[in-house]
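Here is a short briefing on a protein model with several chains. Look at the structure first, then read the points below.

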Amino acid sequence: MPSDEMWINMGPQHPFNHGLWNLRVKLKGETITQAEPIIGYLHRGWEKMVENRTYSQIVPLADRLCYGSSLSWNHLYCLTAEKLFGIEAPERAKYIRVAVLELQRITSHLTWLMAVGTDLGSYTIMTWSIRERELFLDLLCKLSGARMTYNYCRIGGVRNDFPENYERDVNRTLDEFERRLRDLESLMDENEPFLMRTVGIGKMDGKTAMNLGLTGPIMRASGVDMDLRRLDPYEVYEDMKFEICTHTDGDVYARYRVRMDEMRESMKIVRQAMAEAPSGPIRVKAPRCPPKGNAVCHVEDPRGESLMYMVSDGTERPYRLKVRSPNFVNLSASPPMLLGFKISDVPAIMGVMDMCIGETDR
Amino acid sequence: MSQVIVYDSPDRSVEDVTNDIRSKFPSVEVLKVAPRRMHLRAPREVFLDLCKFMKDDLSFEHNSCVTPVDYMDHFTVVYHISSWTNHIMAEVQVDLPRDDPTVDSITPLWGGANWHEREAYDLMGVVFKGHPDLRRIMLPEEFRFHPLRKDFTVGRRV
Amino acid sequence: MSNLYIELTNFTEWLLGLVAALLDWTKLGFLSDFGDWLQTAPVVDFVSTLLVAVIFLITAMMFGLCFIWQERKTLGRFMDRRGTQVGFLGFFQNFADGIKVILKEHIVPKDSDHLLFELAIFAYLASTFMLFGCIPYSDNFYVIDVDLAVLLGIAIFAFGPFSILIGGWSSNNKFTLIGGMRAAAQLIALEIPLLLCIVSVAVLTGDLSFVGVVTWQEENIWLIVPLCIGALTFFIAAIGESERIPFDLPEAEAELVEGWATEYGDVRWGLQMASDYFRAYILCGLFTMLFLGGWAGPEFIWAEAWYLSKTFIVFFFFIWVRAATVRIRTDQILKLGWRRLLPLAVVNLLIAVALKVAGVF
C-alpha cells in the first residue's frame, strides 16, 4: 500500500456513528478511495429469539428493533400477524394507527435531524430539534404511557383509544410545530455553511439507487416517486390526501429537504386521520394460534421499506420471522455514495441516512 | 435537473404479468394471485432465468428481501421482488435440498440483494453461486455454525 | 493608577527592605551581607518582574475561564436552554471540570513517541501562556511594551500549529495525524490575512506597540471605521485561528473524534481545552486593541474595564457565529483563506496605504 494511503476504522466507537458499527474507509490524503461498512456488533439474534416466543410476547420485542421509530415496527409486526391470523383490525383502529404512525414519523425525523446537527457540528440544530421532538413525545406518552418504546399496537387493533381531549392536544401541538418548523428550516436553508456542507455531496442517481435497493427518503431524494403508502397502501392510507415529497438532485441536501417536507405531509395526514376517524371498537379478539401458512407485509417506515415475512406451523409460536430493515440495505448501498468525497463528508452522508443499528443488526 | 420518475397508476395488471410468466416458464408454479401480490414457486434451475425475465421484461425494479426458511427436510429461499411500475410484489419460493443448499445469486441483477444473501449465508448457510463477496456479515468469520437453522439450539430459551 | 511595574517595584523594595532589616537584626555577618545583596537593583527588578508575570498569568487565566463560562451560558441561551447550573450562575462548573481533569490518570499510548508526546502539549500550552504577557490591559497594566509587541504576539501565536503537528504525529494515531495536518494547513492559510490586517493597522498608526496603536486611536478614530474590511477579515481569520466552529476542523469531533488531542487525557487535555479559550481571549484582545480602540473610552470606569468589556463583547460575536453555523470542510477553509480573505486583506491594505498617502490621518 502506498504511504499516502491509509485505512481508517471509523467505529465501532466513534462520535459520528450513532450505534455500534464500523465504517472502514481508505483515504488518499483526505479523499475516500474505498469504503466498507461493517455491522454485526449489535446482533442480538432477534429472529432466532422470536421463534421461541408466543405471538403476543413478540409485540413489545418488535418495539426494540429501533428505539427511534419503535411504533412503526410494532405496527408492522401486528399488521403481518393479523394477515397470518386472517383477521382485520376495526376501522377506527386503522385510523388511530395511521395518525399515530405519522406522529411517530415526525418524531423519528426529528431524531434524525438532531443527529445530522451533531454530525455537521451545529449543536443548535440538535437542541432545537430535540426540543420540538419533546412535544411529540409528550403526545405519544399521553397516548401509550411510554416515551420511546410504546408497545401500543396489538394483533387485531390497538391497545387503547385516544385519551380525553387528545385531538385538541394534537392539533395544538401541530399548530405550534408548524411555526417552529419554519424556524428550524430557516436555521439550515438560509445558512451558507450548511449549504456548503450538503449541496452536491453524496450524489446518487435514481437508476443506481433503485438497483441498490434503496428505499425511503433517500430514494425519493434521487428523483424516484416511490412510497409504499401510495404504491401498496395499507391501513387507510388510500383515503388520505397527501403529497409524496421528492427531489431530483440526489445529494445530501435533497435528502434533508425530502425529510423536512415529509414532516409537513405527516402533519396533514395526522389531522385528516384524527378528523375522519369513525367511532367504533378499536380491537378484535385474535386467536391464540394462527393457521398454517405464511404472510408478508411491507410498510413505509420513516427510513424506507420495512418488511416482515412470517411463517406459521400452526403452533402458538412463529416458525420463522424475517425482518427486512430499510437501513440494512441503505447501509449496504453507502460505499458508492462515499467514493471520491472527503473524510469530512462522511458524517454528512451517513448522517442523513438516519442510521439505526438496532434494526440493522437485529 | 433530471425528471422525477413517477409511478402513479399500474401499467399492467397482476393477471397479465402472471400469464406472461406462465407462458414463458411452464415449470414455474403459480401458487396464488391476489391484488398487488403474486406468489410463485420456481425450481432452482430456472430461477435465475426467471429473475432475468422479470427484471428486463416485466420491469421488476426492486429486490425487497431474501428470506431463507429451514423446513427441516429442505430449505426454502423466499424472494420478495417488487415492481413499482406495475404495483406488484412477487414472492418467489425456491426449494433447495438440505444437503446441497445452493442457489444462483441475484446480486448481479439487483445490487440490493447483496447483504441479504450474505446474511442468509451467514445465519442459514445457504450458498449463493455467483455472489461477488460471500462472507459472513453478522457473526465473526471464525464462527462455525449457522444459528438460524432449526437444528441449532442453545437450551430451552434463546 | 500608576504603572503596575513601578507599583510592584516599590512594593518589592519595601518587602526586600523588610527582609533585609530582619536579617540585619540577627547580627550575623553573612546574613547581613545577603540582606544587602537582596536590596540591589537586579534582584529587585527580577522579583518585581516575577510578581508581574504571576499576577498577569492569574488574571488572564481567570478571564479565560470567564470566557468558558460566557460561552456556556450564552450558547445555552442561543439553544433555548439554561446552560450550566453548577454553583452561583454556573460559575463553579469550570472548577468542577478542573478538579475532574486533575484527578484523571495520565495515560501515554504504548506506541507513541513518548518524549515528543509529552513535550508537544507543553510547547502548545507554553506558547499560549507566553501570549498572555504580550497583551496589555491598559497603558499602566502590562508586562512588556516593546516596540514590536504586535509582531511578537503573532510570532508566538505561529508557534501553536507547530506543536499541534508534533503532538498529532507523536500520538501515533491516524485521527491525531490528520488533525495535526489540518491544523497546520488551516492556521497557515488564515495567518497570512491576519498578518496583512495587522500590517494595515501599522501603516496607518505608524506603530507596532499596543500602547502606540491605542494612543493613536484615542487621538484620531477607532480603526474599525476606516478599516472595516480589515476588521471583518481579521474577525473571520481570528475565529479560524482559535479553532472554533465553523473552523474547528483540527478537532472536528464528528469525524476525527477529538482531532489532534485524541490521545491526550488528564490535566493536559483539560489545559489544552482551556487553551483554546485562552487563545480566543487573546484574539479578542487583539481585535479590541487593533480595531476597537483598546482601553480608550470615557473615564467614568477604569481603562482596564473598558478593555475587558470590549473583549467580552467581541467574544459574544464569536459565540454567535458558533451557534449559527455548522462546521465546514478543510478544502473549503483553505479556499476561504486563500481566495476570499487574502484578497480582502490586500484590498484593506491598499485602503490603508491610500489613506496614509492622501494624508487623511
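Start at one residue, A345(C). Setting aside neighbours within four places in sequence, A345(C) is in contact with P193(C), L196(C), C197(C), G230(C) and T233(C). Keep in mind that this is a predicted model.

**A345 of chain C**

- A345(C) sits in helix α14 of chain C, which covers residues 330-358.
- Is A345(C) buried or exposed? It has 24 C-beta neighbours inside 10 Å, so it counts as buried; the cut-off for buried is 20 or more.
- W14(C) lies 331 residues away from A345(C) in sequence. In space, the two C-alpha atoms are 51 Å apart.

**Helix α1 of chain C**

- Helix α1 of chain C runs over residues 4-25, which is 22 residues.
- At 1.5 Å a residue, α1(C) should span 32 Å. Its end C-alpha atoms are 31 Å apart, which agrees.
- Just after α1(C) comes K27(C), with a positive phi of about 60 degrees.

**Chain A as a whole**

- Chain A holds 15 helices and nine strands.
- Its C-alpha trace spans about 65 × 45 × 35 Å along the principal axes.
- A compact globule of 362 residues would have a radius of gyration near 21 Å. Chain A has 20 Å, which agrees.
- Of the 362 residues in chain A, 58% are buried.
- Take the contacts in chain A with a separation of 6 or more: 69% of them join residues 24 or more positions apart.

**The nonpolar core**

- How many residues does the largest nonpolar core have? The count is 249.
- I349(A) and F287(C) have the most contacts inside this core.
- Helix α4 of chain A, residues 91-120, gives the most to the core, with 16 residues.
- Beyond its neighbours within four places in sequence, I349(A) is in contact with I201(A), G202(A), V252(A), M337(A), L338(A) and F341(A).

**Where chain A meets chain B**

- Two pairs of chains are in contact, and chains A and B share the most contacts.
- Chain A puts 34 residues in contact with 32 residues of chain B.
- Several elements of chain A give two or more residues to the side that touches chain B, among them α1 (46-50), α8 (206-211), β7 (293-301) and α12 (326-332).
- The largest share of that side comes from β8(A), with four residues.
- The side of chain A that touches chain B divides into 13 nonpolar, 12 polar and nine charged residues.
- Which residue is the bridge partner of D225(A) in β1(B)? It is V6(B).

**Where chain A meets chain C**

- This contact takes 26 residues from chain A and 23 residues from chain C.
- At least two residues each come from β1 (5-10), α4, α5 (123-144), α7 (192-198) and α14 (345-351) of chain A, on the side that touches chain C.
- The side of chain A that touches chain C divides into 13 nonpolar, eight polar and five charged residues.

**Chains B and C**

- Chain B and chain C do not touch. Their nearest C-alpha atoms are 24 Å apart.

Technical notes. Residues are numbered from 1 along each chain as its sequence is written. Chains are lettered from A and ligands numbered from 1 in the order in which they are written. This is a predicted model: local features need pLDDT of at least 70, side-chain atom pairs count only at pLDDT 80 or more; totals for chains, interfaces and linings use all residues. Two residues are in contact if their C-beta atoms, placed from the backbone, lie within 7 Å. Ala, Val, Leu, Ile, Met, Phe, Trp, Tyr, Cys and Pro count as nonpolar, Asp, Glu, Lys and Arg as charged, and the others, Gly among them, as polar. Two strands pair if DSSP finds at least two bridges between them. The expected span of a helix is 1.5 Å times one less than its number of residues. The radius of gyration is taken over C-alpha atoms; the globule rule is 2.2 Å times the number of residues to the power 0.38. A residue is buried if 20 or more other C-beta atoms lie within 10 Å of its own, exposed if 12 or fewer, and partly exposed in between; C-beta atoms are placed from the backbone. A nonpolar core is a set of buried Ala, Val, Leu, Ile, Met, Phe, Trp, Tyr and Cys residues joined through C-beta atoms within 7 Å.
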